[in-house]
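Thanks for coming. Please have the sequence and the structure open while I talk.

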Amino acid sequence: MFAFYKKHNNHLYNRLVKLSRNIFFYRDLNLKDNFETRIILIFIHLSIILIIFKKNRKKIFPQDIFDNIFLNIEYNMRELGHGDVSVNKKMKLLNRIFYNILLKLEKKKMSKFTINNTIIIEHLLDDIRPSDELLSKIIEYYLSFYNYCFELDDNSMVQGKINFKF
């Protein structure tokens with residue numbers, strides 16, 4: 001009935017949404033401009049932030065901010081008109097997709113961060129036949145995002161002070 005999530009923790013979520021709305025994805029890469037595509041883009045950005053947090057920081061990523069991101073996604077689905085049953089099913093599927101992305105991005109054997117092509121093809125380009133040029137543009141974007149965030153301090157990332165431009 002009442003939303004008990006902390007609204008002041010929405011800074012990172014709002015920044016992730018802004019990053020997922022980057023015109024680059026829709027104009028230059030011709031991705032579909034829909035809810036699912038934006039959620040996948042949010043998940044990839046968030047996964048990169050979590051990987052950086054794990055590699056460089058002595059702090060653990062705040063659980064309340066992580067939970068709040070998923071609560072916001074759930075509330076947005078409800079605003080789109082999804083019912084309780086469909087929201088629960090969709091959130092279960094989205095959780096699987098998120099952890100699939102996170103686990104495939106975070107390979108412990110690799111010393112240098114790379115983007116796995118299968119993640120991009122499987123989640124973003126599932127109905128598009130990807131060209132090498134398209135894949136290289138997406139990979140270049142995410143590697144640039146990784147390098148940008150790698151230089152930020154942990155508080156800047158948690159507070160959503162990610163002013164990444166591509």
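This is a predicted model: local features need pLDDT of at least 70, side-chain atom pairs count only at pLDDT 80 or more; totals for chains, interfaces and linings use all residues.

Which residues of α4 are buried? They are Ile65, Phe66, Asn68, Ile69, Phe70, Asn72, Ile73 and Met77. The cover over these buried residues includes α1, α3, α5 and α8.

Phe35 is partly exposed, with a relative accessible area of 21%. The cut-off for buried is under 20%, so at 21% Phe35 does not count as buried. Leaving aside neighbours within four places in sequence, Phe35 is in contact with Ile73, Asn76, Met77 and Leu80. As for Asp132, it is 97 residues from Phe35 along the chain, and their C-alpha atoms are separated by 25 Å.

The other is Ile48, also placed in α3. Is Ile48 buried or exposed? Its relative accessibility is 0%, so Ile48 counts as buried. Again leaving aside neighbours within four places, Ile48 is in contact with Leu105, Phe113, Ile115, Tyr142, Phe145 and Tyr146. Along the sequence Ile48 and Cys149 are 101 residues apart, yet in space they are 8.4 Å apart, C-alpha to C-alpha.

That brings us to α7, residues 132–150. This helix has 19 residues and reaches 26 Å from first C-alpha to last, close to the 27 Å expected at 1.5 Å a residue. Its buried residues are Leu134, Leu135, Ile138, Ile139, Tyr141, Tyr142, Phe145, Tyr146 and Cys149. Looking down the axis of α7, you find these buried residues within an arc of 155°, so they line one face of the helix. An α-helix has 3.6 residues a turn, so residues three or four places apart point the same way. On the other side of α7, Asp132 and Glu133 are exposed. What do the buried residues of α7 pack against? They pack against α1 (11–20), α2 (23–28), α3 (35–56), α6 (117–124) and α8 (154–158).

Last topic: charges. Side chains of opposite charge can pair when their charged atoms come close. How many salt bridges does the structure hold? It holds seven, and I will go through three of them.

In one, the side chains of Lys90 and Glu36 meet at 3.5 Å, N to O. Lys90 lies in helix α5 (residues 84–105) and Glu36 in helix α3, so this pair ties together parts that are 54 residues apart in sequence. Lys90 is partly exposed at 23% relative accessible area, and Glu36 is partly exposed at 39%.

Another joins Glu122 and Lys104, at 2.9 Å, N to O. This pair links distant parts of the chain, since Glu122 is in helix α6 and Lys104 in helix α5, 18 residues apart. Both ends are partly exposed: Glu122 has a relative accessible area of 39%, and Lys104 has 27%.

The remaining one on my list is between Arg78 and Asp84, at 2.5 Å, N to O. Arg78 is partly exposed, with a relative accessible area of 29%, whereas Asp84 counts as exposed at 52%. Arg78 and Asp84 are also linked with Glu74 in a network of salt bridges.

That is what I have. Questions are welcome.

Terms used:
Residues are numbered from 1 along each chain as its sequence is written. Side-chain values use heavy atoms; hydrogens and water are left out. Helices (H or I, at least four residues) and strands (E, at least two) are DSSP runs, numbered from the N terminus. The expected span of a helix is 1.5 Å times one less than its number of residues. Buried means under 20% relative accessible area, exposed over 50%, partly exposed in between (1.4 Å probe, protein chains only). The arc is that of the directions from the helix axis to the C-beta atoms. Contact means heavy atoms within 4.5 Å. A salt bridge is a side-chain nitrogen of Lys or Arg within 4 Å of a carboxyl oxygen of Asp or Glu.
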